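Hello,

Here is the structure I promised to pass on. Have a look at it first, and then read my notes below.

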Amino acid sequence: MTTISSWRPRSLYTCTFIWISAVGGRFLVVLLEHQGQLSPTELGAILALAQVVTVAASFVTGSYADILENRYPHHGRAIVVAVGILIGSLVFCGHALTTIPGLSPVLWHGFLRLLMAVATAMVFPVLDGICLDYLAESTNTQEYGKERLYGAVSWGVANMIAAVGLEYVGFSILYVMTLVSTILTLITIWAYTKSQESRRSYEKQDSNIIGEINEEEDDDTVMAINVQKPPRSNRFKKSHSELSSSISSTIHILQSLCVYGFGACFAISQITQSSGQAIVDNLIFLYFEQLQSSYILMGWTVVLTVAFEIPLFQIAPTLLKAWGPGILIPIAAFSY
C-alpha cells in the first residue's frame, strides 16, 4: 500500500497534465473557434502572443518560486503551482462567457489567454523545479524523464476522455474536467508537500540544537543577534531585491550561454523548435476539422504521440549517457 511519504513528483505531473488537457490542451482551439467564433487567423495571433507572455512571465514566476522555496523548504514552489492552478481554472471558466458587453470576442478571449499564459508560467517551469530539486536530493538527477513520463501518460488518457466527451456531450465536458482536475491537483500538491516533511525533520533537529546553543550564550550576544534581524517594514524591499537579483542571475546565465558556439546553437534550436511546436500543437486540430475528422480520431492522435513518448522517456537516461544532448537535440528536431 502506498503511503504519503512515498509520493514522488510523478504524482504532480500526473494530475497537472490532466488539468492542462482541459484548460489548455489540443481541444482549446476547437472550443474558441465554436464558442468564441474566432477565425484561424485570430486564434493564431492570440496563441502566439500568449506563448510570448508565457516565456517572459516564466523569468519572474520561476525566480519568485525559488525565493519562496528558500524561505519555506518543500512548500514555496508548491504554493506558486497551486496558485497558478487556481488562476488558470478560473480563467478557463471565463471562456464560457461568450458575450461581454462592450468587448469583442477577440478582445475577451485574447485577454483570458494572456492571463492563462501567466498562470501556465506559474505551473510548469516551477513544477520542473520541484522535480529537479527532489531528484537532486536523491542524487539521481538523470531520472527526470521517468518522472515526467507519468504526465505524458495522463495527458494521453485525459485527451481521449475529452475526445469522447466532446463527441457525445459537448464542450461542457471540458468544464467538468477542469473542476475535477483542479480539486485533484490541489489535493495532490498538499499531499506531496506533507510527504516532504519527513525530510524537513532533520533540518528541524539541527535548528533545535543551534537554538539550545544560543540559549546558553550571554545576553549581549543574544541582543546582537536580534539587532541583525531585518525590520518588518523592510521585508517587502528585501523580497523585491531578491527577485531582481534572481532575474538578473538568470539573464546573466543566458548571456553566458550564448557566448559559446554550442550554447548559441542550443538557444537558436530551442527558439525554432518551440515556435514550430507551438504552431503545430495549438492549431493542428483546426486542420483536422477541415478534413472532417471526428473528435475521437483527434484524441487518438494524442494517444499515438504518447505511445512513442513512453519508451523514449524510459530510456532517456541511457540515451543521454550514450550520445549526449548535442546529438539527441538535432535528431529530435529532424524527427519533428
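Predicted model: local features only at pLDDT ≥ 70, side-chain atom pairs only at ≥ 80, totals over all residues.

**Helices H11 and H12**

The axes of H11 (residues 261–290) and H12 (residues 295–314) come within 10 Å and cross at roughly 140 degrees. The two helices are therefore oblique to each other. The crossing in which H11 passes H12 is right-handed. On the H11 side, the contact is made by Phe 285, Phe 288 and Glu 289, while H12 brings in Tyr 295, Met 298, Thr 301 and Val 302. Sorted by class, the residues of this contact are five nonpolar, one polar and one charged.

**Aromatic pairs**

A pair of aromatic rings is described by the distance of the centres and the angle of the planes. The count for this model comes to eight aromatic pairs. In one of them, the ring centres of Tyr 13 and Tyr 144 are 6.3 Å apart and the planes stand at 80 degrees, so the pair is edge-to-face. Tyr 13 sits in helix H1 (residues 9–23) and Tyr 144 in helix H6 (residues 144–168), so if you trace the chain you will find this pair linking distant parts of it, 131 residues apart. How accessible are the two partners? Tyr 13 is buried, with a relative accessible area of 1%, whereas Tyr 144, at 25% relative accessibility, counts as partly exposed.

Then there is Phe 92 with Tyr 175, a tilted pair with 5.1 Å from centre to centre and 40 degrees between the planes. Phe 92 belongs to helix H4 (residues 76–93) and Tyr 175 to helix H7 (residues 172–195), so this pair ties together parts that are 83 residues apart in sequence. Phe 92 is buried at 0% relative accessible area, and Tyr 175 counts as buried at 18% relative accessibility.

**Helix H2**

In helix H2 (residues 28–35), the buried residues are Leu 28, Val 29, Val 30, Leu 31 and Leu 32. After H2 comes Gln 37, which has a positive phi, near 55 degrees.

Happy to go through any of this with you.

Best wishes

Methods. Residues numbered from 1 in each chain as written. Heavy atoms only, no water. Axes fitted to C-alpha atoms, helices over the stretch in contact; angles between N-to-C directions. Helix = DSSP H or I, 4+ residues; strand = E, 2+ residues; numbered from the N terminus. Parallel < 35°, antiparallel > 145°, perpendicular 65-115°, else oblique. Left-handed = near helix turned anticlockwise from the far one by under 90°. Contact = heavy atoms within 4.5 Å. Nonpolar A, V, L, I, M, F, W, Y, C, P; charged D, E, K, R; others polar. Phe/Tyr/Trp six-rings, centres within 6.5 Å; stacked < 30°, edge-to-face > 60°. Buried < 20%, exposed > 50% of the residue type's maximum accessible area, 1.4 Å probe, protein only.
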